[in-house]
Amino acid sequence: MTDRPNAPLLEVRSLRVEFETRRGPLVAIDDVSFSIAPGEVLGVVGESGAGKSLTGTAIIGLLEPPGRITAGEILLAGRRIDNLPYEAMRRIRGREVGAIFQDPLTSLNPLYRVSDQLIETIRTHLPMNEKEARARALQLLQEVGIPGAAERLDHYPHQFSGGMRQRVVIALALAAEPKLIIADEPTTALDVSIQAQIITLLKRLCREHGTAVMLITHDMGVIAETADRVAVMYAGRIAEIGPVRKVVQEPHHPYTVGLMGAIPNLGHDVAALTQIEGSMPRLNAIPPGCAFNPRCPKVFDRCRVDRPDPMPVGGSDVACWLYGEGR
Amino acid sequence: MVAQRLNAILDSDLWWSFTRSKVVVGAAIVTLLLFVAALIAPWISLQDPWDPGALQLINSRNPPVWIEGGTWEFPLGTDNQGRDMYSAILYGLRVSLVVGFLAVIFAMVLGILLGLASGYLGGMTDTVIMRVADVQLTFPAILIALLIGGIVRGVMTPADFEAVAVYVLVLSIGLSQWVQFARTVRGQTLVEKNKEYVQAARVIGLPARLIMLRHVLPNVMGPVLVIATINLAVAILTEATLSFLGVGVPATRPSLGTLIQIGNGFLFSGEWWIVIFPGITMAILVLAVNLLGDWLRDALNPKLR
Amino acid sequence: MAQETVLQVDNLKRYFDVSKPWLSRVLEGGGRQVVQAVDGVSFEISKGETFSLVGESGCGKSTVARLIVGLYPPTDGSIVFEGVSLSNPAERARHPEKQARMQMIFQDPYASLNPRWRVGDIIAEPIRFRKLLEGGAVKARVGELLEQVGLSARDAEKYPHEFSGGQRQRISIARALAGRPDFLVCDEPTSALDVSVQAQILNLMKELQASLNLTYLFISHNLAVVSHVSTKVGVMYLGRLVEWAETRTLFNRPKHPYTRMLLDAIPDLDMSGRARTPVAGEVPSPINPPSGCTFHTRCPFATERCRAEVPQALSVDGQNVACHAVEEGRLPEWRGLAA
């Protein structure tokens, strides 16, 4: 492992994920490339079926058959991790890459105390004895803001509320001080008031620990508050990727423009929301050319034939022929 | 329209999972062959084993054709009445299948109605039906069948009883099976009734009876079909057991179980064919139906996909 | 325009018994446990309005919706719909024509359509059940409804699984409209949908409201959506309405500390750099709700009185608030969202 300064912590190159079905392979992720720098928060947004969660799953090596990576590379700190055997990948999960999932209830084993689960994770990855690990578990719970952490350490998951459980899950993900955390819809199952608490917590912890985060969500609001850069995914591809301020306030891809206009905003009174006609294509019916072309208000001939790759436009990379050669 | 339907079937996941397993296809073919054989028994049998006039004692206990003393007239030998085993098996298969099907249908209808009512209406209805089911479960199926058979036998003359014996069997086997249907339907109903499409039907104002039959019932039929298939095998076996114990169908119209019971008496005197051939037929039938049931259960269970 | 009242709800209550079974109570001790899901809610909805109920999960907003359409009988209180009392199952049974005037749209587009039925039959069910039309007229009406919600008349032949979530929600709306109701209860109709599809559905609902003169009761946890669709908004907390007012008023001058807290928690899309105050604490269990004002455990302005006495709603320039701090005038001015 080489520690070059400014080298990306995570690099995904031309990732392709397919699902084998009886009617032939379905391409769920198609030629997706991006990188995350140490300490950076990359937001990945998209509607359901865009492939955002699948990208996260592919990175932590938890794709379930019939899904598999059929092309591309995933590099963590310069080392390929997409072709590692299961055992080697298991050691990386937790130690170098932590994960936070949507439903805090299913991420914790209901049969074990929170302390058991924390200590087990800590001792799997760090050379500590039981007593040291327990001390660290307590420190983690305090860090994620659980009141009365010392007493609550030995409680079972069901004794925590939804928000508190998600804090425990964050503590678990942070247990071995990973360099990267993949957070898949970490606040979706929570109430608005609790969401804000969890987002603030996640931001603070990552800043303090210098942890990079891949934040997968469908909620633009969460991204706008948290991320440094954003990747907008549509039908298995990246439509637009760039700094959060650029993407949210000056979106270039017609899909991103539509998405931003579709979100009701408290500050702005509008008679009708911008709507993107139709819905995301199913995986077995992705149109040729740009996958967005049937719904795009600015579609022209080339969009129906050629598939655009991300190209630099005003600080972002946008996969749209509007910004292509000869336009 | 028909072609469309057929296409939809050939394109469905169920058909696909069916064609994937050779064992299941084999089981389906065997089951189908046995059904057809039972259906057309009068045309492919060599004699009418139910007609006492066609039986001659002089032909009794003949061995199968490939053993010395056997003739092509009785390819699988004869029993102690001079009945051709091959024909008797075909007719016996008929009885076994008729009893099995009717019993399962009876149990299914009863179980679905009680299960739906229990799950959808809840409260007192639920408590009463489920307690009755609990009590029923503490009696083994055979005991219930024996009990009912015994009562009917007690109040009827033997001649009358012979005429209704099949229905008594259907009733007793059916009664011993309804609990399983009712419990499954009740559980599924509890899940379905909280789904929003049922609530939507309630907001429309549909009465409970219509909601149960039109909305809930079609959505609980999957598991019911699985149980029905597996219970068909159980019902056939129960019928055979009862007939073997001598409380089933009368010996003049033997089912497979009756044939096995008859043959049992001659097993040690060397006439093994009387018991072995009906036994093999029975085993193949039950195995094939069970394999189909197992496959159906897995194919309809989304968790195993 | 004279404001004709469509729905009037007064002191509506619904308690759920969540006790363990009798035998366990006897063996393990412990008494009955009751969840006060809705605890004395009163409001009115006028013709053509969209009245929204907002609140976090467990605040009782969905229960109110279900009480109004008759999926649960109320424990106490009255529901008067178009001048007719529908406060209990007997009254509802006596007025099937009133029940037919109200319909409901549900949250989960995957569970709200019977998977075994063709779309045409699903939509035709209210028409056939009430014998509103017969024969070919039913089919024509179904086609008309499908086109009204932005689908094609040919879609009547298909099954629900052939449609996306947004299209299914359109089918749900078509079914709700089939009996020509004038009052729709919408329980989180877009929260299971993606934003671009949510925009389609919200726009469709607004268009239908205008063209068919519909009245909506809209249930949602999303304040931004609520501010977009409603004319009036009620904020619920632990089974009670804590504040209700015209939408503009409520969002510009929120009075109740809980309303302010919810507004503060909305993610900032404008990226104005506004520092969000994360809300402290969590919603207490509705089984043993806090005494007095149920919000006092999370309220920065709570006093002894708040802990002891349930605040009554008082009306200040058309805005209704149930809060002691407002009554005593010791609540600071709302500094506004952009501050």
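Here are some numbered notes on this predicted model, going through chains B, C and A.

1. Ground rules. Residues count from 1 along each chain as its sequence is written, chains are lettered from A and ligands numbered from 1 in the order in which they are written, and side-chain values use heavy atoms, with hydrogens and water left out. Since this is a predicted model, local features need pLDDT of at least 70 and side-chain atom pairs count only at pLDDT 80 or more, while totals for chains, interfaces and linings use all residues.

2. Confidence in chain B. Mean pLDDT (the predictor's confidence in each residue, from 0 to 100) comes to 86 for chain B, with 96% of its residues at 70 or more.

3. What chain B looks like. Chain B has 12 helices and zero strands; helices (H or I, at least four residues) and strands (E, at least two) are DSSP runs, numbered from the N terminus. The C-alpha trace of chain B spans about 75 × 50 × 30 Å along its principal axes. Of the 305 residues in chain B, 47% are buried, where buried means under 20% relative accessible area, exposed over 50%, and partly exposed in between (1.4 Å probe, protein chains only). Take the contacts (heavy atoms within 4.5 Å) in chain B between residues at least 6 apart in sequence: 72% of them join residues at least 24 apart.

4. Where C meets B. Chain C puts 24 residues into the contact and chain B puts in 17. Together they bury about 1800 Å², 55% of it on carbon and sulfur atoms; buried area is the accessible area (1.4 Å probe) that two parts lose on being put together, summed over both. Leu71(C), Glu125(C) and Phe129(C) supply 29% of the area chain C buries against chain B, more than any other three residues. The rule finds one salt bridge across this interface, with a salt bridge being a side-chain nitrogen of Lys or Arg within 4 Å of a carboxyl oxygen of Asp or Glu. Arg214(B) and Glu125(C) meet in a salt bridge at 3.5 Å, N to O.

5. Strand E8 of chain C. All six residues of E8(C) (215-220) are buried, so the strand is largely enclosed by the rest of the structure. Thr215(C), Leu217(C) and Ile219(C) point one way, and Tyr216(C), Phe218(C) and Ser220(C) the other. E8(C) pairs in the parallel sense with E3(C) (residues 50-54) over five bridges and with E7(C) (residues 183-187) over five bridges; strands pair if DSSP finds at least two bridges between them. Phe51(C) sits opposite Leu217(C), and Cys186(C) has Phe218(C) as its bridge partner.

6. The open sheet in chain C. Four strands line up as E2-E1-E4-E5 with antiparallel pairing. E2(C) (34-46) and E5(C) (84-85) are at the edges with a single partner strand each, so one side of each has no neighbour in the sheet. E4(C) (residues 76-81) and E5(C) are joined by two bridges, with Phe81(C) opposite Val84(C).

7. A quick look at chain A. E1(A) (residues 10-21) runs antiparallel to E4(A) (residues 67-76), joined by eight bridges. E1(A) also pairs with E2(A) (residues 24-36) in the antiparallel sense, over nine bridges, and these two form a hairpin with two residues between them.
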